[in-house]
Structure formats: C-alpha cells, structure tokens
Amino acid sequence: MKFTLSWLRDHLETEASVDEIAETLTDLGLEVEEVVNPADQLGAFRTARVIEAVQHPNADRLRLCRVEAWPNGPDGEPEEVQVVCGAPNARTGMVGVFAPTGTFIPGTGVDLKPGVIRGEASNGMLCSEREMMLSDDHEGIIDLEPGTPLGVRFVDWLAENDPGRVDPVIEIAITPNRQDALGVRSIARDLAARGLGTLKPYEVPQIEGKFESSLKVRIDADVQQNGCPLFAGRLIRGVTNGPSPAWLQARLKAIGLRPISALVDITNFLTYDMNRPLHVFDADVVKGDLRIHHVTDPAPIMALDDKEYVLQPGMMSISDDNGPESIAGVMGGAHSGCTEATVNVFLESAYWDPVTVAATGRRLKINSDAKYRFERGVDPEFTLPGLDAGTALVLQLCGGEASQVVMDGAAPGTDRAYKLDTDRVQSLVGMTIPAGTQRATLEALGFRLEGDMAHPPSWRPDVKGEADLVEEVARIASLTRLQGRPMARVEPGVPKPVLTLTQRRESAARRTCAALGYNECVTYTFIDEASAKLFGGGDDATRLENPISSEMSHMRPDLLPALLQAAARNQARGFSDFGLFEVGPAFHGGEPQEQHVQVSGLLIGHTGPKDVHGQRRAADLYDAKADAEAVLASLGAPVRVQILRGGAGWWHPGRHGRVCLGPKKVLGVFGELHPRVLRDMGVKGPAVGFTVWPGEVPERRLAQATRAALTAHDLQPVERDFAFVVDADVEALKLVNAAQGADKALIESVRVFDEFIGGSLGEGKKSLAITVRLQPTQKTLTDEEIETVGAKIVEKVGKATGGVLRA
C-alpha cells in the first residue's frame, strides 16, 4: 500500500515529519517497507542567478554562462562560476537551479565533475526538471521568478511553493487482518488515535438524482445469497472524459499508477483513498440492463488489460443482453470501458463475497487493485456512500448530471458487540492503561461504546472478540511501553526444577553424543513403507491417512532408517567418514500412547583421517559399544549390566549386543547393521550404531543434587591372570560373566586380554586369557584367600563354559 505525505495530510491534520510518521506506523503494526523522499537527492541543488549568458565561441548551440552561486547558502558569500549550458532558454539575468561539481544528478545517475567543453571550462550545471527527476521536461533549464531568493536550497523552495513536487511516498505492508489499511483514511485514523495529529472530518456528499436511470440492475437470487449481497449504480450523462487534473495525476503517478482518463483516475483514486473500488461502464455500449449472475457455460471476455479470459461455471459475471461486460469484483471488460468519446457512463459500487472473488482471481491468474481489496474484504456499509463520493468527483471533474440510484440487494449486517473489560489489558498484555484512555482509544478508532459493550466499526471485520479489543488498546498505546519484570515465585526460596526427568535425560543424551563427535540430525517422523518394514514397521496401524508424499507414508518405527537415509545422501556428496545421531520419538503403534523416545547414533567409515602413525581404522562395534555405554552413563544407568544377544533383525546376527539389566530389561542395543539393510538403504560399506531407550533406564532410588562421596580404598588390589581352553564357539562374555560371579564382593573387574586359536590346542578349541582384579576392603588378602577365590573362578568358568585351565 503506497501513499504520499500530502495525501495523508488530506485526512490528518499533523505537523509530524516523514520519519516520525514512518516510525509510528511500524509501531502501530503497519510496517513501513520503504520511504521514497525526493528531497533526499536534491539537497545540494540551490537557486542561482545567471550574471551573463553569451554565445560559446566554439559551438553554435552552446552558451557560456557566468553564474552567481551561493555554495554556503544565502548567509554566505556568493561565488562566480563559469558553466557551459546547452539550454535554449539560458539568458542573462534569469534565476535557475545550480548544481556544483561533486553533486549527484538523479536524472543521469552520475556525479558532476569539472570539465572542458569545446575549449571552455565548465564547473557545474544549470539543471532542467528531468535532470532532477521532477518531470520529463528537458526543453530548457528551470526558469524561476525574478524575485526568487538566491542561495536557498531548491528543495526548500519547492516545499513552500510547490510541495507536490517533493512529496514523500510511504509504502506499508498489509497484514491479512488489516484490510482496512488499504485506504489512506484508515491509516490516518490510526495515526490520529495514537496522537500524531487530528483526523479531519470526511463529509460524504449527498447527490440528488436529476432523473430516473434507464439502466437497471438485477442480482440473481443464488448470487445474492452467496456472492453479491448489494449492487448499486448511477447513470451519469453528458460527461467529458478528458485528462484528469494535475493534482490527481500527480497522486497516481507517485504511487506507481498510470493516469488514463478522468473517469478511470477517479475510480483508482477512491480505491486507494477510501478503500472503495468502483467501476465505470460506457452506458451507450451496454445493451439492456445489467445482470449479476453465476456463469453456467464457459464465456470469453476481453478485459481492460487487453487479455482474453474465459469465465468458467461458478464464477460471477456482470452481463448485459450481449454477454459478460465485467469479471465481477476482479476486472472490467474492454467492450464497455470508457474512452475519450464516452458521454454517458454508469458508475457501479458493489459488495462482493471475498472467497468467490479470490477463487476467480486465482483461477484466471488476475491480480488487480479491486481484486486485492475485495478478496480481503471492504467496508460493506460504505458501498452507497462510496457511490456518492465517486459521483461527486465525476460531476466535479467531468461535468454532466446524475440519475437516481438504482440498486438491488442490501449491505450485509456487521453490527456486533463485545464486552470491554478494562482490567484485561493488565492480564493479557501486561500494561497498565487507565479505563478512560482505553475507551477514548476505541472511540478514536471508530468503535461505538454503549456502557461496557463495544461495537466494532463496519470496516474492521478482524475484531471478533474481547481479546481483540484489548489488542487494539495495547496497539495504540504502543507495545514498546512494555517493561520486562521477573515472574513472581509461587513459593519463597529456591524454586523447584521445572524440567521433567525425561527432558533432563534427553538433554544429557544430546550433550553426550555431541561431545563424542556425532552430528545431530532432526528428521521427519514419517518414512516410506519399504524402509519402515526393514525395521519392524510399515503396517496399517502406523500408515498415514493423508501423507504429504509417497516417501512419508508411515510413522517411523525406529530412528535408524532416517539416519541411514541421511548417511546415504552424505556419501553421495563425497563425505565418507562421519557420525550422526538423533533424539526423538519412534512409534510401535497408531495410538497416542504407542510411542517411545530413542537415542540413536550411527558411525560411517573410519575413526579419523589418514595419518603417519597408522592409527586410522574402520569404526567397529566396540566403538558403538563404548558410545552406547557413555550415553547410558549420562542417563544414570547402572554400571554393571549384561550384554546379551538376540537383537532385532536389522542388526548383524554375530556382531551386536543388547545392554540389559536382565533378560527382559533392555536398556539399549549396539553393533553392526545388517549388510542387507545397508544395501536396501543405499549405504556403502559397513556401518555401526546404537540405540538407547531412556525410558527403560531405572530412576535412582535416592536422587541427590550432588555426586556420591568418593570411595577410596587403602588396601592394595591384587590381580591374577587365568587362561582357559574352551570350545571355539564359546563367547568371551559368557566366560567373563562366569568369572565375575565367583565372588561379587571381592572381584572388582574381569577383563579379556588375549585370544589364541590353533597350535597345540587342537581343532575347535581356543584359549581366552583374562585378568581378574581383586579389591579387598577389610584387610589385606592372604595367599590362601587368593587361592580360594582363584579356585572358585576356575570352578564357575568350568561349569558355565566347560573350559579348563590351560597348562
């Protein structure tokens, strides 16, 4: 929405500057996108007198001028400057506009430099209007009245004598709820309510019809119910449709519109001035009466933009006996458009249904000022006053005489009322505004108050409740007055934590994964059916009823599919070594309670770049195991856990493990992904990962704000090594668990440090060597006690694995 400062002042009595107005508009919610002030580029131009103008000695069409310039203004000292000028009206004694060297010339886009023209020095310029972008006139330089003060800034002289030439243009953004701001008067009303000026009264002229219109209007019953509740017009005969006056053309040009003719310019002016689109028909072209109806069969129409459109069934049309004459609420037809030969016109003002107009405009791909306003909603009660306002301008500028109003239908009712609770401003906005100020604000915005009930004006359909009244009061009072204050505590003292255990665990998991070198992913909770089936999902229970694409048809059963898809995309772009993780929900059913939070990580490629020490290696399941244990530790999981097999089918059958507190209490799983899954997901090479279920980690029985005291032992630990010969298919973990259980109080740790296969052990056998660390707490262990524990270890391992000590 564009308008000029002088246009705004037609409705608002104010002395505020452009900057003050722009800042206030943005604060009111009408964000200023741009301010174009012609004066900003004309500050260096000053009035000057031509002392003498003689013929250039070396050019027939140039004149050599001695100019009395005032570089420091009228209070400074004048300087004589020589200027070579090609204007035919340059003469001795004239007063013009002088630009010194270094001045930016808007019309040419260059900075003025000293020069030599045909052997004569030229140190400045006597300017024409086009060079200053004041008009297209370049027949000669600007010739001011002889009594014009010398040395004054030309922009200041224009502001006093011809302000329209340097009228600033303001452009604001229109939000969907402020369609009324598409009229200059509504903008002025907001500024007046803020106190930036006084809203001038607007008197709608009462036009008495001189005769009965021979052109009638009729709205079909179905259209009147849902499309066009009111259609009105006037026949004006004997008009002269010439160019519009200079003030009107200047206004339209300033906001980017092209003046066409007086009749058309009047409708465009009221569209921006009062947010009331009108349309003018050439009455001599219209055959019969005008009918507003829904199109039943495709009907072509040549519109005013010289393009042919085909009206489809369901669209609204204004038709005469010959067919469509206008696309209702969108654009008029060229056949009945006004020309210089137009003598009799029919001026139309109607209220159109916003949804119907919007749908028609989209289908026909038409964007017009009328459509832009009607689809957002105009003031229905200003339909007839707008017709009178347009009629008055036509009679004033084009002459003629107007008929009585012809109309069909009635304006839809907009009266409604909401209770004004002056105390809600404090509770909803946090501002203290006196009740009297609130009432005065609403009245200034056009609201009608009856006791505690506020009736919104007809041009504000966005006000739909009590909260909207509070918003209007706060908006005018300025939300910049809000002061931040800490919320009052419910109870004195240190407040209790606000985060739940689940939220704290998710945050801890994120920090731990990021510290381990993983990059966090945030993926969709929807995946394709094929990927879901690879991870135990893809059934009808998790199928979306209305997916946004075929690749997002199911709720994800696990986080790993999305991580693998991200890994495949990264590999396709040349990244081969990286780690990804995500914390989020996965779904094992379609009901709200059938979801769980997971922490999943994925390692692709190697542990690092190539180096001279040869430390680079491929990431393996032990890396995934270590990372899973680190995440579990951050969640507060017990230190002693069991590692069992029996993971889901997307894990490698021999290279994974479940982290358990028992056969049925699974905290997480780690290992290498199945090659078949990697192939189907498009991931190259082996990949390892882990999944942790924070909800399965038991909560600590005695939650403490601080860490437990460090237990330091004053007795020396004892380590003993054992080598057992077992069958080749015996798992090392089974042996470790058996040794650990020999004496849980005394044995601190068991660690495998060697594996040997072959040699004298024979076929199907292997040797596993372990280190057992004994930590006494009461007294130093004797040799007999150490031997006793060793015997228990041999016995436990033998029973669990069938292993014997290696000789």
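**A tour from cysteines to loops**

Across the whole structure, a search finds zero disulfides, a disulfide being a pair of cysteine sulfur atoms within 2.5 Å. A disulfide is a covalent bond between the sulfur atoms of two cysteines. This is a predicted model, in which local features need pLDDT of at least 70 and side-chain atom pairs count only at pLDDT 80 or more, while totals for chains, interfaces and linings use all residues. Residues are numbered from 1 along each chain as its sequence is written, and side-chain values use heavy atoms, with hydrogens and water left out.

Select Cys 228. Cys 228 has 0% relative accessibility and so counts as buried (under 20% relative accessible area; exposed is over 50% and partly exposed in between, with a 1.4 Å probe and protein chains only).

Go on to Cys 338. Cys 338 is in no disulfide either, and its nearest cysteine sulfur, that of Cys 398, is 9.1 Å away. With 17% relative accessibility, Cys 338 is also buried.

Next, select His 11, in the loop between helix H1 (5-9) and strand S2 (12-13). Helices (H or I, at least four residues) and strands (E, at least two) are DSSP runs, numbered from the N terminus. His 11 is buried at 4% relative accessibility. Leaving out residues up to four places away in sequence, its contacts (heavy atoms within 4.5 Å) include Val 184, Arg 185, Tyr 202 and Asp 273.

Finish at Ala 39, in the loop between strand S3 (32-36) and strand S4 (46-55). Ala 39 is partly exposed, at 22% relative accessibility. From its C-alpha atom to that of Glu 629, 590 residues apart along the chain, the separation is 70 Å.
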